[in-house]
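Hello,

Here is the structure we talked about. My notes follow below it.

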Amino acid sequence: MQSISIEKITERADRMDLLYDKGNRINYLKAIEKRVSRRAYLNQKIEADKLERIREAIRHYNKLSGLSIQLIEDGSQAFNGLRKSYGMFYGVRTLIALVGKTADPHIKEKAGYFGELLILEATALGLGTCFVGASYDKKNCPCQIGADESLICVITMGPVNEKPGLREKAIYHMTHRKSIKLEELYEADMEVPSWFMKGVKAAQLAPSAINRHPVRFVYKKGEVYAYVKDTSDFNLVDLGIAKANFEIGAEGKFEYGNYGRFVKTIKN
Ligand SMILES: Cc1cc2nc3c(=O)[nH]c(=O)nc-3n(C[C@H](O)[C@H](O)[C@H](O)COP(=O)(O)O)c2cc1C
């Protein structure tokens with residue numbers, strides 16, 4: 001295996017600014033534990049200070065990633081109406097559109113990674129969220145997509161009841177197959193350190209399309225990397241999401257890419 005380049009690590013070094021001051025990491029770990037996909041939103045606007053915080057995070061992540069993530073205050077036209085969201089969502093108003101350069105080889109992974117960081121930010125602010133790749137009207141999404149850009153997926157975001165109602169619970173059970181076991185999520189050739197397991201546990205709580213959890217973490221010959229066997233559908237988006245959660249749990253950074261390696265940045 002080639003050794004990891006310093007440039008690749010420094011390229012990612014700023015990425016966690018919003019996460020890695022100490023108090024914030026704890027908030028993100030709490031958000032990872034608290035987060036579940038929410039599909040029924042209250043008829044209330046998001047408070048201005050919360051929206052500004054999300055906007056600030058988007059500006060920061062766009063700079064770091066080269067993506068063109070957009071906050072759409074009223075994106076209801078892509079959801080409301082039974083046909084548009086297949087009856088899965090209710091009361092959707094605010095969206096985050098995950099848009100990037102079609103030619104970017106990591107566009108899907110970045111959409112997942114930065115989308116998940118935004119979801120954790122929103123969860124910490126008490127908002128409900130859901131990644132949505134399929135059950136919305138993509139053509140009617142009021143976001144700006146340049147000729148050289150693609151919309152990967154959206155995130156719904158907004159005020160929700162503390163506990164999901166009956167209808168939301170029913171949809172949750174429809175989309176949420178059994179939880180994946182920790183042992184299914186990693187491969188190792190020796191006993192793994194506790195920080196590695198903290199990463200895997202955080203990844204176990206990550207959202208994934210149809211709750212498939214396609215990402216595997218590997219600890220072999222002292223190296224840690226993450227991969228998906230099949231790169232089709234939303235699997236590379238899921239890779240970015242799982243890497244974000246793992247990084248927060250294990251305190252380190254991944255290279256971009258399938259089989260991208262992890263470097264621990266905080267010694268413990
Ligand atoms: C890339 C991606 C695409 C998704 N697309 C949809 C979707 O189209 N419709 C939907 O209802 N949920 C969608 N979800 C939400 C998943 O169904 C949900 O994350 C999964 O069932 C796990 O449940 P949890 O998020 O509550 O842990 C998507 C999630 C991801 C990560």
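Start with helix α3: A57, Y61 and S65 are buried there. Buried means 20 or more other C-beta atoms within 10 Å of the residue's own, exposed means 12 or fewer, and partly exposed lies in between, with C-beta atoms placed from the backbone. The three cover an arc of only 55° around the axis, so they sit on the same side of α3. That arc is taken over the directions from the helix axis to the C-beta atoms.

This is a predicted model: local features need pLDDT of at least 70, side-chain atom pairs count only at pLDDT 80 or more, and totals for chains, interfaces and linings use all residues. Residues are numbered from 1 along each chain as its sequence is written.

More on α3. The face turned away from the buried side carries exposed residues, including D49, E52, R55 and K63. Cover for the buried residues includes α4 (107-124). Helices are DSSP runs of H or I, at least four residues, and strands are runs of E, at least two, numbered from the N terminus. Just after α3, G66 takes a positive phi of about 75°.

Now the ligand. There are 21 residues around it, and S37, G133, A134, P207 and N211 come nearest. Near means a C-beta atom, placed from the backbone, within 6 Å. β3 (128-132) and α7 (235-250) each supply at least two residues of the shell. Domain 1 (6-17 + 176-264) and domain 2 (32-164) each give at least three. Those domain bounds come from an automatic or database domain assignment.

Best wishes

Conventions
Two residues are in contact if their C-beta atoms, placed from the backbone, lie within 7 Å.
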